[in-house]
Amino acid sequence: MDLEKNNALLNKKIAREKAARKAAEKLLEAKSLELYNANIQLQKSLSSAQTKLEHDSTLLAYNAKMDSILLHFSQQFLQQSPTPALLKELVEVLIDDNSISGMHTHIKLQSDDHIHFKHRCQAGRKQTWTPPETLLTDNTHWDEKNKIFWVSLAEQPDCYIAGKIAATESWLVPIQKSLSLIGEVLSAALIRQLTLIKEVNARKQAEESEKATQSFLAMINHELRTPLNGLLGSAELLADTRLQDDQKRLLATLNSSGELLRNIINDLLDYSKMNANMFELINGTFNVQKVADLLVAIFTHSTEDKRLDFVVNCTPEVPLNLIGDVDRIKQICVNLIGNAIKFTEKGGIKVKFDWHDSQLHLSVTDTGAGIKACDIEKLFKPFSQIDLSSKKAHEGTGLGLSICKKLSQLMGGDIQASSEINKGSTFSVTLPLEIAKKQATNNQSKNPLDTPLEGIKILVVEDVKTNQMIINLMLKKLKLTPQFADNGLEALEQLKTDNFDIILMDCRMPVMDGFTATETLRHQGYNKPIIALTAGTTSTEREQCISAGMDDILFKPYKLQEIQDTLCHWSQST
């Protein structure tokens, strides 16, 4: 009984152990399958990670390559314009077949500024396509069907760089971004080139315009001053003849009108020369007191006619001699005093020269109509006058005060005005000038006949018959009988057989001008004085006279005194 019981218990135990073993085996089998599946998943993840790493590394290398290309061509385009060779190099270096299989550029720059630049190049696979109209408005464009990406350049309608993309979709954005950056660099280079060409063309046009202005100014200077020479020269010669009272009045009117015309021409030409950068100051030593005395002589008659008091005062503080352009200082004085007389009906004009703080101070005070404070600035603008109506009482170009201001500024000084209505005006000029160590010389003789010039042989080369007549009569007053040539070629022929002490040479003549004739004579070894007779007063024309070999210049309209002074000086040097 006990044995059977023990066997039954043992069998139960064995059955339990078998069941436990089977359960363990099933669990082990399940865990093994789970482990196997996990291993498979891990291997898949590892493979995916390796693939992604390889992709990222390749993309990183590609980005590094594009960055290098971008940097290289950015530097190249900064150093030089986008030449055909440089553009060809750019499209070729972008081709790698893996990401970009073809590239081409199409550049066509044209504008109204004479800019014409056309270039087309390609590399890799041949591309034949036409960009859509959206390229005119969109900076970038993507053709999904043909896998072509392009960027418009320099905001020009027919100007672009395009690439045929061969890479997968994952590379599309990086490639397009790189091509966009390269397009921006190339576009900036083309815009710089356009700007440079425009600036060069603008400068060329400005130079041509300046040259045309200078030529026109030289021509009009000559055309205006040449007849003025005949007018004022005739008036000066008439003054030495016997005249009836009415003839004297007519001559005074002729002189007054001629001088007014001379001042208007001078103002217009001076203003034009200043704007054309052809104006220059000619400094020398001068005496301020002599300038003051000259102003008294010039304006005493006109102030007496209007019954105005006129005083010119030079204070003891003013140095005896100063260095400056005395002719331009006189021009400032004449303009200011002339204006004061014009606008003053009663009272007077007071002119004062003073010196302090190393500056010459000039003030012109009148008791005229005065100017409103709001109108004072208008006075110094060119062609600007307070009263521009057809009924205005006083004539003028409106350039006088503008030129005074420009002259003052060219000398390093300035001009100011103050005024009260119905009480008068004061114009104050300050000019920083140097004090001269040597005394100013005065070469002018009181009488042009005081210095004998008999025996001097003079050849006058002048094509205008009126000017020949005027200078012939002036030289006869100096007891000289000149010979004449109508142009430079005739002068050269006369000099082959005749000897002359001084040649008075006009500059602008037909057949052969004075510059060419003088250069020819100097080249042949001619060493006698040659004096220019010219209506040109610009710095360029003066330099041209000196460069040609002329020794001195007489400007038209010239006076007998000026001719005599010049002949006396050069006759002593022969």
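Analyst: Start with burial: a residue counts as buried when its relative accessible area is under 20%, and as exposed when it is over 50%. This model is predicted. Phe 77 has 4% relative accessibility, so Phe 77 is buried. Phe 73 is also at 4% and therefore counts as buried.

User: How many aromatic pairs are there?

Analyst: Rings pair if their centres lie within 6.5 Å; planes under 30 degrees apart are stacked, those over 60 are edge-to-face, and the rest are tilted. The count by this rule is 2 aromatic pairs. In one of them, the ring centres of Phe 73 and Phe 77 are 6.1 Å apart with planes at 40°, so this pair is tilted. Phe 73 and Phe 77 lie 4 residues apart in helix H1 (residues 2-79), which means about one helical turn separates them.

User: What are the distance and plane angle for Phe 299 and Phe 310?

Analyst: Phe 299 and Phe 310 are 6.2 Å apart, centre to centre, with 65° between the planes, and the pair is edge-to-face. This pair links distant parts of the chain, with Phe 299 in helix H5 (residues 288-305) and Phe 310 in strand E7 (residues 309-314), 11 residues apart. Both Phe 299 and Phe 310 are buried.

User: Is Gln 193 buried or exposed?

Analyst: Gln 193 has 14% relative accessibility, so Gln 193 counts as buried. Gln 193 belongs to helix H3 (residues 172-238). Leaving out residues up to four places away in sequence, Gln 193 touches Ser 81, Pro 82 and Phe 117.

Technical notes:
Residues numbered from 1 in each chain as written. Predicted model: local features only at pLDDT ≥ 70, side-chain atom pairs only at ≥ 80, totals over all residues. Heavy atoms only, no water. Phe/Tyr/Trp six-rings, centres within 6.5 Å; stacked < 30°, edge-to-face > 60°. Helix = DSSP H or I, 4+ residues; strand = E, 2+ residues; numbered from the N terminus. Buried < 20%, exposed > 50% of the residue type's maximum accessible area, 1.4 Å probe, protein only. Contact = heavy atoms within 4.5 Å.
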